[in-house]
Amino acid sequence: MKNKKFSSLLKEWYEGNLSFDERMDSDIHKKETAETEEKEIRLVKDVEKAEKELTSKGYKFFSVIFCVILALILILTVNFMPLFADDSTPTANEVYEHYVGEGRDQTGAVNTVAGMILDYRAFDTLGESFVLFTATCAVLLLLEQSKKQKVKEKESFTFSNDPIVCTIVKIITPIIIVFGVYVLFNGHISPGGGFSGGSVLGAGFILFAMAYGEDNAAKIITPKIIRVITICSLSFYCLAKSYSFFTGNEFNGIHSIITPGTPGDIVSGGLILPLNIAVGLVVCCTMYSFYMVFKRGRLD
Amino acid sequence: MNLLINYEAVTSMVLFAIGFTMLVFSRNIMKKILGLNIVDTGVYLFLASMGYIEGKLTPIVPATGEVNALDYINPIPQGLVLTGIVVSVSFSALMLALTVRLYKKYRTLNLDKIYEMCRKEDEQK
């Protein structure tokens with residue numbers, strides 16, 4: 001066995017004709033000297049190393065092949081799909097005609113998407129808000145550190161001493177926050193709404209925290225404020241939508257006091273504006289707490 | 001050729017295939033999470049493009065007057081994509097937090113190595 005060439009041995013082993021155990025057994029019958037043992041160990045190591053290299057190359061090749069085949073199968077399916085931007089697609093059915101045609105008069109929102117997600121499908125959006133809330137809770141549970149395990153200042157990456165970042169952020173943060181509030185409050189009459197406005201607001205606060213240091217930001221936006229805002233928004237959403245769900249039915253004799261109002265006004269669309277604000281606050285708090293928890297390990 | 005007209009669907013399928021391959025075959029956890037995000041992007045592109053109809057307006061109707069539904073594109077896929085984006089953000093954050101915990105314990109992002117270490121720990125017990 002020793003006389004065999006390394007490559008042929010490797011080939012044999014790789015094809016499954018030779019296993020390590022067999023070789024060990026056959027070696028026991030031979031005279032065991034220190035030299036052969038050493039050689040054997042080296043050989044085993046070499047074989048393992050080569051095998052690893054081979055599999056890693058094969059692995060990459062196989063994954064590329066897999067990717068191409070998967071893409072080809074999916075593209076083959078695309079061939080049988082309805083045409084893009086065509087008038088007669090099956091998605092353009094009576095549901096869409098109802099939402100667009102009567103959505104404005106029923107919900108009071110000029111923006112049909114806002115009217116759809118916050119009125120017809122409001123419980124879906126409530127679920128989304130709770131997904132965000134649960135994600136915040138889970139991230140806090142996983143990553144929150146006590147104050148004793150404070151991250152050393154030198155280790156953590158900070159912008160607070162950078163003059164360029166600080167100056168730009170000083171100018172740009174108020175503009176971002178005002179724009180976020182605009183998007184939030186105009187969700188029912190223009191493109192935008194709770195999720196986009198909340199993300200813009202959250203980005204503004206994250207920039208603020210980046211430039212002025214997380215310690216200073218945490219003094220202004222304390223964990224208590226974040227907690228209170230999130231829980232109040234979620235409970236308000238729950239109660240308001242439950243009310244409109246209960247009174248929306250014409251048969252129990254209770255009439256909702258919330259009216260759609262004049263479409264196009266800022267205060268219109270019934271519950272859509274308050275719900276947009278609630279969702280936006282939840283999204284904003286979630287973004288901000290994600291940043292703070294990943295950066296410093298805690299909110300305060 | 002349908003494929004040339006459905007170019008957005010072809011693009012999203014390619015994105016899906018790349019992301020899925022990354023998700024399944026990559027050993028690095030960070031790359032897995034990135035792959036999942038690419039899959040998400042493909043799905044959003046696919047969904048959002050389903051609602052578009054050539055020559056029609058965005059679904060923001062005028063404040064007064066009659067509304068003809070056939071003048072506007074389909075708003076439903078946009079609402080669905082919104083849901084997907086929110087879920088993917090939460091999911092990515094949760095996965096990244098778990099990755100941070102794994103890295104703090106095992107000091108590596110390679111799933112195979114983490115698995116080996118876990119097995120050794122089990123054997124020692």
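## A loop residue in chain A

A:Ala85 is found in the loop between α3 (34-78) and α4 (94-107) of chain A. Helices here are DSSP runs of H or I of at least four residues, strands are E runs of at least two, and both are numbered from the N terminus. This is a predicted model, in which local features need pLDDT of at least 70, side-chain atom pairs count only at pLDDT 80 or more, and totals for chains, interfaces and linings use all residues. Residues are numbered from 1 along each chain as its sequence is written, while chains are lettered from A and ligands numbered from 1 in the order in which they are written.

A:Ala85 is not a glycine, yet its phi is positive, at about 60°. Most residues other than glycine have a negative phi. A:Ala85 counts as partly exposed, because it has 16 C-beta neighbours inside 10 Å. (Buried means 20 or more other C-beta atoms within 10 Å, exposed means 12 or fewer, and partly exposed lies in between; C-beta atoms are placed from the backbone.)

## Chain A overall

Chain A has 11 helices and 0 strands. Of its 300 residues, 28% count as buried. Take the contacts in chain A with a separation of 6 or more: residues 24 or more positions apart account for 73% of them. Two residues are in contact if their C-beta atoms, placed from the backbone, lie within 7 Å.

## A helix pair within chain A

Helix α10 (residues 223-247) and helix α11 (residues 272-296) of chain A have axes that come within 9 Å and cross at roughly 150°. That makes α10(A) roughly antiparallel to α11(A). Axes are lines fitted to C-alpha atoms, for helices over the stretch in contact, and angles run from 0 to 180 degrees between N-to-C directions. Angles under 35 degrees are roughly parallel, over 145 roughly antiparallel, 65 to 115 roughly perpendicular, and the rest oblique.

The crossing of α10(A) and α11(A) is left-handed. (Left-handed means the near helix is turned anticlockwise from the far one by less than a right angle; right-handed means clockwise.) Contact residues include A:Phe236 and A:Tyr237 of α10(A), and A:Leu281 and A:Cys285 of α11(A). The residues of this contact divide into 12 nonpolar, 3 polar and no charged. Ala, Val, Leu, Ile, Met, Phe, Trp, Tyr, Cys and Pro count as nonpolar, Asp, Glu, Lys and Arg as charged, and the others, Gly among them, as polar.

## Where the chains meet

In chain B, 45 residues are in contact with 45 residues of chain A. On the side of chain B that touches chain A, α4(B) gives the largest share, 15 residues. That side of chain B divides into 32 nonpolar, 10 polar and 3 charged residues.

One crossing joins helix α5 (residues 112-120) of chain A to α4(B): their axes come within 9 Å and cross at roughly 55°. The two helices are therefore oblique to each other, and their crossing is right-handed. A:Val113, A:Met116 and A:Ile117 meet B:Ile76, B:Gln78, B:Gly79 and B:Leu82.

## A loop and a helix in chain B

B:Arg107 lies in the loop between α4 and α5 of chain B. Its phi is positive, near 60°. B:Arg107 is exposed, with 10 other C-beta atoms within 10 Å.

Helix α5 of chain B covers residues 111-124. Of its 14 residues, the number buried is 0, so α5(B) lies largely in the open.

Definitions and conventions. Expected span 1.5 Å × (residues − 1).
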